[in-house]
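User: Hi! Could you walk me through this model before I start on my own notes?

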Amino acid sequence: MMSQGSSPSLLEALSSDFLACKICLEQLQTPKTLPCLHTYCQDCLAQLAEGGHLRCPECRETVPVPPAGVAAFKTNFFVNGLLDLVRARAGGDLRAGKPACALCPLMGSASAGGPATARCLDCADDLCQACADGHRCTRQTHTHRVVDLVGYRAGWYDEEARERQAAQCPQHPGEALRFLCQPCSQLLCRECRLDPHLDHPCLPLAEAVRARRPGLEELLAGVDKNLAELEAARMVEKESLAQLREQAARVGAQVEEAAEGVLRALLAQKKEVLGQLRAHVEAAEEAARERLGEVEGREQVARAAAAFARRVLSLGREAEILSLEGAIAQRLRQLQGCPWMPGPAPWLLPQLELHPGLLDKNCHLLWLSFEKQQPEKDSGNNRAGNQGGKETQSPRQEGAKTERQGGVQSQSRDGAQTPKEDRAQMPQEDEAQTPKVERAQMPQEDGAQTPKEERAQTPKEGRSQMSQEDEGAQTPSGSRSNKKRKFKGRLKSISREPSPAPGPNLEGSGLLPRPIFSCSFPTRMPGDKRSPRITGLCPFGPREILVADEQNRALKRFSLNGDYKGAVPVPEGCSPCSVAALQGAVAFSAGARLYLISPDGEVQWRRALSLSQASHAIAAMPSGDRVAVSVSGHVEVYNMEGSLATRFIPGGKANRGLRALVFLTTSPQGNFVGSDWQQNSVVVCDGLGQVIGEYGGPGLHGCQPGSVSVDKKGYIFLTLREVNKVVILDPKGSLLGDFLTAYHGLEKPRVTTMVDGRYLVVSLSNGTIHIFRVRSPDC
């Protein structure tokens with residue numbers, strides 16, 4: 001990049017893309033300059049003009065079109081002069097391989113002229129050796145500069161040729177522009193000077209430039225000063241954005257840590273309560289068995305005595321009854337005198353009591369508070385204050401008019417202490433402690449409770465104080481400890497890398513799309529000889545997907561329920577890589593070729609692609625009548641007939657050789673989204689290649705960006721294969737957070753696609769496909 005105040009060289013202007021039109025990417029033809037000082041071909045500007053206005057493709061400034069059309073825009077004589085120099089260097093008789101002499105035909109030679117060996121910089125003519133010698137000997141041309149043609153073509157005389165170059169009048173061919181009409185501010189040749197501008201004060205060009213150069217240099221100095229201020233502002237803005245991202249990543253890690261701590265504490269309390277419940281039931285069952293045994297024994301004794309007395313009374317003779325009457329009466333009185341009446345059950349029925357906050361829909365364990373950014377010199381103190389040295393109030397606390405000092409505290413630390421911990425201080429393993437006990441010593445250690453904790457206490461808190469011996473008597477501590485250790489080991493074995501928190505434009509996590517699992521199915525079919533290797537996915541028809549299985553050289557059709565619908569035949573020997581469905585056709589890339597086939601497998605056309613790329617990602621345009629393919633860092637778009645409709649480099653020709661788009665997709669809004677492995681970023685650009693947004697921050701976890709998909713609202717879903725995640729970005733490429741993780745069953749996700757704008761299809765490396773319904777925030 002050229003620094004401010006430095007003068008560009010002629011070689012830089014000729015060798016760079018300064019002379020290329022940013023619309024057609026070709027050399028400028030009839031260059032016209034807009035008021036914003038951007039120059040384009042006259043024909044290209046005519047295509048952009050609409051309704052008497054056009055929009056500059058580079059700065060997006062709206063420019064009114066003159067009544068006479070785009071031809072009335074100022075002609076860029078500066079660019080014309082450079083183009084003349086370039087054309088002169090590349091001119092000549094291309095069929096013969098050598099340029100012809102320009103003077104020989106004028107001298108009556110029958111031939112087209114001998115081969116040129118020299119060039120006159122003043123006349124701008126190529127000369128043969130004889131004409132060059134004569135050119136130096138005439139009175140009118142002996143002062144002309146005649147140079148070697150080979151050296152001229154090599155650029156040795158560019159500066160000298162530029163000095164002797166004269167701008168030509170567009171109204172009078174062959175006449176050089178020599179004067180400036182001061183009232184009209186128009187360049188004139190001798191003919192123009194003598195005709196309509198005869199009475200106007202005019203100045204020679206050199207004198208006019210000397211008069212006007214100081215004013216332009218003064219304006220340029222003012223712009224340079226503004227550029228310096230803008231550059232400083234840009235650096236400050238970048239530093240502020242970097243600080244925001246760093247703080248967002250830190251807060252995101254804190255949110256992950258707090259949520260995990262609350263989850264661990266909740267699971268530990270779940271185990272504890274269920275253990276108490278089991279111990280209570282086991283003790284009650286043991287007591288019930290003892291009471292039942294006693295009752296059954298007494299019942300059996302009483303039943304035997306009563307049966308004996310009934311037999312005697314019903315079957316005995318008078319003498320027999322009277323002889324046993326005393327013993328029977330004594331036994332029956334004994335049984336009646338000691339009745340066993342079961343009293344109330346000695347155990348209590350268990351009841352579950354929940355913390356009031358769990359039933360409160362307005363209770364949020366986590367929330368964000370926003371502060372004004374501090375000056376850079378205090379940034380270190382601010383970061384330290386964020387950890388525990390600054391006073392921060394949340395909206396909920398301000399409403400309650402309460403303050404907490406000594407550190408930034410999230411609601412998870414205030415609300416993580418459950419009623420069980422408030423009522424009964426029970427022995428727990430390390431992993432069963434709340435996030436407050438695990439991570440930081442809070443001001444509550446001094447005995448102070450927040451108003452929320454004071455309000456959350458229940459009347460039974462004073463009655464449920466249990467000692468360590470009572471709890472140990474009810475629960476087998478050895479088995480519970482082993483289970484907790486195993487549970488803790490499982491928690492540690494799961495990789496939970498923190499992601500940056502959602503940006504400040506989101507008012508809560510509820511504003512992000514959420515995944516709802518739909519189904520999962522394998523893609524290996526009975527006829528497959530190898531394990532599937534899914535390299536491409538695309539929607540195909542109503543509620544169907546098309547799967548490119550490169551290993552088995554097949555394009556398989558599945559419904560969103562996992563039903564196999566058959567296959568689309570592919571040409572013999574082709575291994576489809578990336579796939580896209582168009583209107584009544586299927587496009588896919590295989591090796592260095594792009595194919596378009598009908599649904600029954602008939603090849604409609606094929607195109608050769610660059611061999612510098614191992615695989616080529618393709619995507620269907622929203623209209624369904626064109627297909628885009630990434631080729632060596634740029635994007636080519638083909639129509640249904642196989643003709644190249646357009647091609648561009650994301651970010652323009654300045655990024656030539658700096659891009660490597662491995663994955664590509666399109667949005668319903670007509671934008672392109674690609675995974676750039678050379679810049680290690682996700683880039684979003686419009687149909688002209690102008691970059692709308694690009695993300696390569698810490699949310700990628702150092703991974704190369706993988707497959708990309710876009711839903712109907714423009715949200716971007718990016719696959720990070722190394723960390724088993726699918727993250728979500730907004731339509732401009734800013735990271736919002738995680739969408740899918742290993743907890744959703746992701747194991748080495750490979751490629752994704754979006755069906756009907758609301759079903760995210762994810763393929764894994766083992767050939768399995770997961771389908772998730774994307775639930776919008778407003779649903």
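This is a predicted model: local features need pLDDT of at least 70, side-chain atom pairs count only at pLDDT 80 or more; totals for chains, interfaces and linings use all residues.

User: Great. How many helices and strands does the chain have?

Analyst: There are 18 helices and 35 strands. Those are DSSP runs numbered from the N terminus, with helices being H or I of at least four residues and strands E of at least two.

User: And what share of the residues counts as buried?

Analyst: 37% of the 779 residues. Buried means under 20% relative accessible area, exposed over 50%, and partly exposed in between, with a 1.4 Å probe and protein chains only.

User: Now salt bridges. How many are there?

Analyst: The count comes to 13, where a salt bridge is a side-chain nitrogen of Lys or Arg within 4 Å of a carboxyl oxygen of Asp or Glu.

User: Which residue does D676 pair with?

Analyst: D676 forms a salt bridge with R659, at 3.0 Å from N to O. That pair links distant parts of the chain: D676 lies in strand β26 (residues 672–676) and R659 in the loop between β24 (644–648) and β25, 17 residues apart.

User: Are those two buried or exposed?

Analyst: D676 counts as buried because its relative accessibility is 0%. R659 is buried as well, at 8%.

User: What about D549?

Analyst: D549 makes a salt bridge with K556, with 3.0 Å between the closest N and O atoms, and both residues are buried. Together with D528, they are linked in a network of salt bridges.

User: Where in the chain do R250 and E246 sit?

Analyst: They are four residues apart in helix α8 (residues 205–315), so about one helical turn separates them.

User: Switching to the surface: which residues make the nonpolar patch of about 520 Å²?

Analyst: V273, L352, L354, L358 and L359. Patches are made of residues with over 30% relative accessible area and no salt bridge, joining like charges within 9 Å and nonpolar side chains (Val, Leu, Ile, Met, Phe, Trp, Tyr) within 5 Å. L359 belongs to helix α10 and is exposed, with a relative accessible area of 63%.

User: Which residues gather in the positive patch?

Analyst: R514, R543, K712, R758, R773 and R775. Lys and Arg count as positive and Asp and Glu as negative, with His and the chain ends not counted; a charge is placed at NZ of Lys, CZ of Arg, CG of Asp or CD of Glu. R773 is in strand β35 (residues 768–775) and is partly exposed at 32%.

User: Last one: what does P622 touch beyond its neighbours within four places in sequence?

Analyst: It contacts T666, S667, P668 and G670, contact meaning heavy atoms within 4.5 Å. P622 sits in the loop between β21 (618–620) and β22 (626–631). Its C-alpha atom is 7.8 Å from that of Q669, 47 residues apart along the chain.

Conventions. Residues are numbered from 1 along each chain as its sequence is written. Side-chain values use heavy atoms; hydrogens and water are left out. Accessible areas come from the Shrake-Rupley method with a 1.4 Å probe; for residues, only the protein chains shown count as cover.
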